[in-house]
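Dear colleague,

I am handing over a structure for you to look at, and below it I have written out what was found. Please keep it open while you read.

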Amino acid sequence: MIRRLAWVFVALAALLLMACAHAAYTNRSQLLLVSEGQEMALGLQSAQEVLKKEKESTDQLQVERVKRVGYRIAAAANKPDYKWEFHVIEKDTVNAFCLPGGKVFFYTGILNLTTSNDELAAVMGHEVAHALLRHGGERMSVALMTQLGGSAASLALGTTVSPAASQVFGQVYGIGSQVGVALPHSRAQESEADEVGMILAAKAGYEPSGALSLWRKMDAYAKSKGQNVPGFLSTHPATTDRIAAIQSKMGAVRAKYFQQAELR
């Protein structure tokens, strides 16, 4: 059993060495056990499922607005292997997302909050940044390693304690990893997407300050709906922290990347 456990940890170590990568723009170390091609295939499959379930908007002004901003952000992203698509979903949900491979979905709920194209570009840049930085693949990889780590630890405990105690440990490990690993990891990704999203918006000719006005609106909206979530249990940074971080980076992003466009 000890030999078997040793092989588990050797395998985990080998996976970690092979899966080391660095995020675009920020150079942050990443764990990636899945290929970008696999991510893109999953993104395409998920996009097809979304389009089967959700109703697309027939408001051509909204659709064209999203596409116009989207294709400019896509050009700034410079991912020629992505098959970009931009969809507007008729639903009051305040959300948007970009799947690996460039399939972007905006809900009318968030569009109604973005009164300027600079704010829309802030949302678009943020969501596209998640795909560029391969955050989806990174989360899948972390989940896989967490599962493998939990199995190894449970195996170790199984040699010295009762199966019932081992089962309890497995449950605690799941809870502990969710609060201690998965959620903070997600918050780090959100902060990174904020920064890279501003860069993409600026490169596309949009004012990076749009991110600041957007998140102030989002903060007011959340408070009006009673949606404040304790920061340590949220997958997103506390809004006040997020606004402060955006404000601290905005000047440098604008100075380095902003290219004034004739039309925004």
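Helices, meaning DSSP runs of H or I with at least four residues, and strands, meaning runs of E with at least two, are numbered from the N terminus. In those terms Arg134 sits in the loop between helix H5 (117–132) and helix H6 (135–158). Please bear in mind that this is a predicted model.

Most residues other than glycine have a negative phi. Arg134, however, has a positive phi of about 55° although it is not a glycine, and Asn78, which is likewise not a glycine, has a positive phi near 55°. Asn78 belongs to the loop between helix H3 (60–77) and strand E3 (85–89). Asn78 is exposed because its relative accessible area of 59% is over the 50% cut-off, whereas Arg134 counts as buried because its relative accessibility of 16% is under 20%.

The next feature is a hairpin formed by strands E4 and E5, with three residues between them. Strand E4 (residues 96–99) and strand E5 (residues 103–107) run antiparallel and are joined by four bridges, and Ala96 has Phe106 in E5 as its bridge partner. In the turn, Gly101 has a positive phi of about 105°.

Finally, please look at Glu190, which is placed in helix H7 (residues 163–203) and is buried, with a relative accessible area of 5%. The side chains of Glu190 and His126 are joined by a polar contact of 3.0 Å. Leaving aside residues up to four places away in sequence, Glu190 touches His126, His130, Arg139, Thr235, His236, Pro237 and Arg242.

Key: Residues are numbered from 1 along each chain as its sequence is written. This is a predicted model: local features need pLDDT of at least 70, side-chain atom pairs count only at pLDDT 80 or more; totals for chains, interfaces and linings use all residues. Side-chain values use heavy atoms; hydrogens and water are left out. Buried means under 20% relative accessible area, exposed over 50%, partly exposed in between (1.4 Å probe, protein chains only). Two strands pair if DSSP finds at least two bridges between them. A polar contact is a pair of N or O atoms within 3.5 Å; within protein, one must be able to donate a hydrogen and the other to accept it, and residues adjacent in sequence count only if both atoms are side-chain atoms. Contact means heavy atoms within 4.5 Å.
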